[in-house]
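This briefing is intended to be read alongside the sequence and the three-dimensional model. Please consult both while going through the points below.

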Amino acid sequence: MVRTYKFEYIITIISLSLLVSIAWYYLYLMASHPSMDGMMKSENSMSMSMDSIEMDSEQMNSMSMEPTEMNIGNKSINFLMMPMTGEWNFNDFIVMNTMWIVMMFAMMMPSTYIFLNLFRLMRSKMQTVKYPTLELSLISLTYFIIWITFSISACTAQYYLHNNGLVDMMGTLKSNTVSSITLLVAGIYQFTNLKQACLEKCRNPLSFIMGRNIHGTKDIISIGLSHGLYCLGCCWSLMALLFVNGVMNLTWVVILTIIILIEKLLPFEQLSSRFFGVLLVIWGLYLLI
């Protein structure tokens, strides 16, 4: 059984890593889509005075056709193209929600490998284990359910912020004050007992697993959802920082992913989390001042 479970674990990790790679590639394609350049140019042009723009009749005719072309385009969904300016419609929400789900999977799934390995080690010593692949798959799926739920909430927030002009097309907060408050809240949260408790469960999940009775599929799902909530409790404030430098800023997404992995994988977890907390507080105060 030990060898079988180890083999199943390796297959699961390889499969998940492949999916993570595909997710990161999707984010790269979306961030590098030609529409992104067009959106940035469009945003810059909005700051120009219309009185300073001279257009001939041919240009006016061509611009009059643009709304029709945009309306036609809005009837279809392009999952690689960011929503354009103006109010988002339901299709825009679907595209952005898909991006959020893929992004959460790409950022968070690698940090679960420790939990999956410890779960495998514990279950491999039990004679009652009959379907190791199913167990590992269910645990991974429960994490995904938690991230999907969070992604819907985050995308709903971005939808509201965008349609009320509080964030730009890249998903960056326009107000330095709001960005400062976001940074300060995230920084202070790094020092709270809740943060440390959630981080401890993510870094050392063995006691969490051993403290739960597993008699069937229902118990496995319960363990996965419970630990997934601890994972969310550990990282939700860091995810909120996506609105500070831009949800579609791929470099910022990579930086936050590295911070999450450092907190969960490297030694001195309290030192690292509080170090990042100090940096966030200093950054927030700088923007506020």
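**Briefing on selected features**

Leaving aside residues up to four places away in sequence, Thr-172 touches Leu-166, Val-167, Phe-243, Val-244, Asn-245 and Gly-246. The model is predicted.

**Thr-172**

- Thr-172 lies in the loop that runs between helix 6 (132-163) and helix 7 (176-189).
- The relative accessibility of Thr-172 is 15%, and this residue therefore counts as buried, the cut-off for burial being under 20%.

**Helix 5**

- Helix 5 spans residues 113-123, and eight of its 11 residues are buried, so this helix is largely enclosed by the rest of the structure.
- The buried residues in helix 5 are Tyr-113, Phe-115, Leu-116, Leu-118, Phe-119, Arg-120, Met-122 and Arg-123.

- Zero disulfides are found when the whole structure is searched.
- Cys-231 takes part in no disulfide, and its nearest cysteine sulfur, belonging to Cys-202, is 4.6 Å away; a disulfide requires the two sulfur atoms to be within 2.5 Å.
- Cys-231 has a relative accessibility of 2% and so counts as buried.
- Cys-235 is likewise in no disulfide, the nearest cysteine sulfur being that of Cys-234 at 4.1 Å.
- With a relative accessible area of 2%, Cys-235 is buried.

How values were computed: Residues are numbered from 1 along each chain as its sequence is written. This is a predicted model: local features need pLDDT of at least 70, side-chain atom pairs count only at pLDDT 80 or more; totals for chains, interfaces and linings use all residues. Side-chain values use heavy atoms; hydrogens and water are left out. Buried means under 20% relative accessible area, exposed over 50%, partly exposed in between (1.4 Å probe, protein chains only). Helices (H or I, at least four residues) and strands (E, at least two) are DSSP runs, numbered from the N terminus. Contact means heavy atoms within 4.5 Å.
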